[in-house]
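Trainee: I've got a model open and some labels I'd like to understand. Can we go through them together?

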Amino acid sequence: MPTPPPSPPRSLITRLGIPPTLAWGYLGLLLFMIGDGVESGYLSPYLIDEGISQPRVALLFTVYGAAAAIAAWLSGVLSDLWGPRRVMWTGLGIWGVFQLLFLVLAIPMTSYPLMMLGYGLRGLGYPLFAYGFLVWIASVAPRARLGTAMGWFWFAFTGGLPTLGSLVASGLIPQIGAYATLWSALALVAAGGLITLLLVRDERGGRQPRGAGDGPLATLLGSVTVLWRNPRVGAGSLARVINTASQFGFFVIMPIHFTNTVGFSLTEWLHLLSAMFATNIFANLLFGVVGDRFGWRRTIAWCGGAGCTVSTLLLFYVPDAAGDNFPLALAAAAFYGATLAGYVPLSALVPSLEPRHKGQALAALNLGAGASTFVGPAIVAAFVGPLGVTGVVWIFAGMHAVSTVLALFLKLPDDADTAGMAESAGTADTAETAGVPPGAAPASVSAPA
C-alpha cells in the first residue's frame, strides 16, 4: 500500500484553538473591549464631580444596562437575519456616534438629557459588536474545539472589560485628565472594530441562507420561543442567568460588607476585586480547553455550578471568620473568580443544542446574561433587609447548586463519552487544515458532553 501523504503542519493559531480565519477578530475584540472598559472604574465619580447627583448617575447606568441587555438579545437574532459582520458594523457605528454625542455635547454642556441619550443608547453598541462575533465563532469553529474558541472569546472580552480598560485609565488620567481619557476610549474602540471588520475575511460572517419560514418575524419570535421549544436551551439560558447573578449582587453588598464589617480598607477591597477578575480572565481560557477535553456539560456542572456553590460561601465566610487577613481573602476572591469561568462552555453547548438556529440559541443565552445584571441586585434589594448579607449569600449559593442540576440535563442528541477529546480535537484540527469546513466536525469526532 502506498504511504498516505503526511498531514499539513498545523499553525500555532490552530494549535491554540483559535479559528485561523478569525484570528484578527480576537485581537480586534480585545482592543474594542479595552476601549469600552476605560470608563468602568471612574465614570460614576467623574460625573458626580461634574455636578450630576448620585441618583441620576445611578439611573443613567441603569438605562445603559437595560440597553445592553436588549442589544445582547438582539445580537443573536440580527446575526441570523443579517449575518454577524453587519451586526458588528452596526454595533461599532452606534458606539462611535453616541460616544461622540456624549463627549462633544453632553459633558461640556453638563446636560443630563443629552447624557441619557448619548451614554444610555451607547449601551446598544458593545453587545452588538462583541456578541455578533460570538455568533461568528459558533459558525466557524470545529465542534471539538468550540469550547476553546469560546474560551479565547471570553479571555479577550473580560481582558478588556474591565481589567485592561481600567488599567489604561489609571495610567492616562494622571497624564491627560479624565475627560481626555474618554476620547482615548473612542480611539481604542475604533481601532479594534476596524481591525476585526476589515481584516477578517471569513465568508460565514455574511448573511446566510435561511430555510422556509425563517423570515424576520419568525426569527425574532424564535429567539424567545426557543426557550420552551427546546427546553434544554431554556435550561442553559437559566444557568447563564445564575452564572453572573451572584457577581452583580456582590457588587452591591460586598464593598460595604468588606469595609464596614470585615475591616478592610476600600483600597484593599479594590485589590481583591482586581485579583478576582485577573484570575477570571485566565480561567475563562482554561475552562474552554477543559470543556473540550473532558466535556462541556460536566465542566459547567462541576467546575461552574458546584465550584461556585462552594466559592460563593467561602468568599463570605473566610473573611468573616479570619477578619482582615488579606492573603486568605485574596485566595477566596481568586477562587470565586476562577469558578465563575466554569460556565464558559455554555457558549459552546447552547448553540450546539439548536444547530439549525445557532443565532436564536445564542440570543436566548445572551438574554440570560443580560437578565443577570438585574436579577443579582434585585435579590439583594428584596432579601438583604429580612435575611441580611448571610441570607443573600446562601440564596446565591443555592442558585449555583440549582445550576449544577440544570447542567447535568444539557445533553446533546448524540452525547457520548468524551474521555478521548484530546485526540478528537487533533482530528478536527487536521480536518480543518486539510480542507474540511470548520463548521462541520468529522464523523469520527465525538460530541462534547
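Trainee: Leaving aside neighbours within four places in sequence, which residues is Gln 360 in contact with?

Mentor: Bear in mind that this is a predicted model. Gln 360 contacts Gly 76, Asp 80, Ala 218, Thr 219, Gly 222, Ser 223, Val 226 and Arg 229.

Trainee: Why is Gln 360 called buried?

Mentor: Buried means under 20% relative accessible area. Gln 360 has 4% relative accessibility, so it counts as buried. You'll find Gln 360 in helix α16.

Trainee: What does helix α16 bring to the largest nonpolar core?

Mentor: First, the core itself: it has 112 residues, and Tyr 26, Leu 47, Phe 102, Phe 133, Ile 137, Phe 153 and Phe 157 have the most contacts inside it. Helix α16, residues 358–408, supplies 13 residues, the largest share of this core. Apart from it there's another core of nine residues, including Trp 73 and Leu 78.

Trainee: And what does Phe 157 touch, not counting residues up to four places away in sequence?

Mentor: Leu 29, Met 33, Tyr 126, Ala 130 and Tyr 131.

Trainee: Which residues form the nonpolar patch on the surface?

Mentor: Trp 24, Leu 27, Trp 89, Leu 194, Leu 198 and Leu 199, with about 560 Å² of accessible area together. Both α2 (23–37) and α9 (178–199) give two or more residues to the patch, and α9 gives the most, with three.

Conventions. Residues are numbered from 1 along each chain as its sequence is written. This is a predicted model: local features need pLDDT of at least 70, side-chain atom pairs count only at pLDDT 80 or more; totals for chains, interfaces and linings use all residues. Side-chain values use heavy atoms; hydrogens and water are left out. A nonpolar core is a set of buried Ala, Val, Leu, Ile, Met, Phe, Trp, Tyr and Cys residues joined through side-chain atoms within 4.5 Å. Buried means under 20% relative accessible area, exposed over 50%, partly exposed in between (1.4 Å probe, protein chains only). Helices (H or I, at least four residues) and strands (E, at least two) are DSSP runs, numbered from the N terminus. Contact means heavy atoms within 4.5 Å. Patches are made of residues with over 30% relative accessible area and no salt bridge: like charges are joined within 9 Å, nonpolar side chains (Val, Leu, Ile, Met, Phe, Trp, Tyr) within 5 Å. Accessible areas come from the Shrake-Rupley method with a 1.4 Å probe; for residues, only the protein chains shown count as cover. A salt bridge is a side-chain nitrogen of Lys or Arg within 4 Å of a carboxyl oxygen of Asp or Glu.
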